[in-house]
Amino acid sequence: MEYIVMVAVAALGLWATWLSGRDVGMRNAARMAEEQEDPTLMLKIENERRP
């Protein structure tokens with residue numbers, strides 16, 4: 001019985017680690033996609049004002 005509990009706890013820990021890593025990967029991908037987007041309209045207007 002104790003082995004079943006130990007396996008369940010280990011499986012839960014591995015699952016939580018996998019979910020955490022997946023979330024970090026999604027956040028990094030979203031940040032990289034945002035950095036690669038074209039400049040916004042406001043940024044273009046601000047750059048036009050500069051000599």
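**Burial and surface**

Mentor: Of the 51 residues in the chain, 0% are buried. Buried means under 20% relative accessible area, exposed over 50%, and partly exposed in between (1.4 Å probe, protein chains only). This is a predicted model, in which local features need pLDDT of at least 70, side-chain atom pairs count only at pLDDT 80 or more, and totals for chains, interfaces and linings use all residues. Residues are numbered from 1 along each chain as its sequence is written, and side-chain values use heavy atoms, with hydrogens and water left out.

Trainee: How many helices and strands does the chain have?

Mentor: Helices (H or I, at least four residues) and strands (E, at least two) are DSSP runs, numbered from the N terminus. The chain has two helices and zero strands.

Trainee: Which residues make the nonpolar surface patch?

Mentor: Patches are made of residues with over 30% relative accessible area and no salt bridge; nonpolar side chains (Val, Leu, Ile, Met, Phe, Trp, Tyr) are joined within 5 Å, like charges within 9 Å. Here Met 1, Ile 4, Val 5 and Val 9 form a patch of about 460 Å². Ile 4 belongs to helix H1 (residues 2-36) and is exposed, at 59% relative accessible area.

Trainee: Which side chains meet in a salt bridge?

Mentor: A salt bridge is a side-chain nitrogen of Lys or Arg within 4 Å of a carboxyl oxygen of Asp or Glu. The count by this rule is one: Arg 27 with Asp 23, at 3.3 Å, N to O. Both lie in helix H1, four residues apart, about one turn of the helix. Arg 27 is exposed at 58% relative accessibility, while Asp 23 is partly exposed at 34%.

Terms used:
Areas by Shrake-Rupley, 256 points an atom, 1.4 Å probe, with all protein chains shown as cover.
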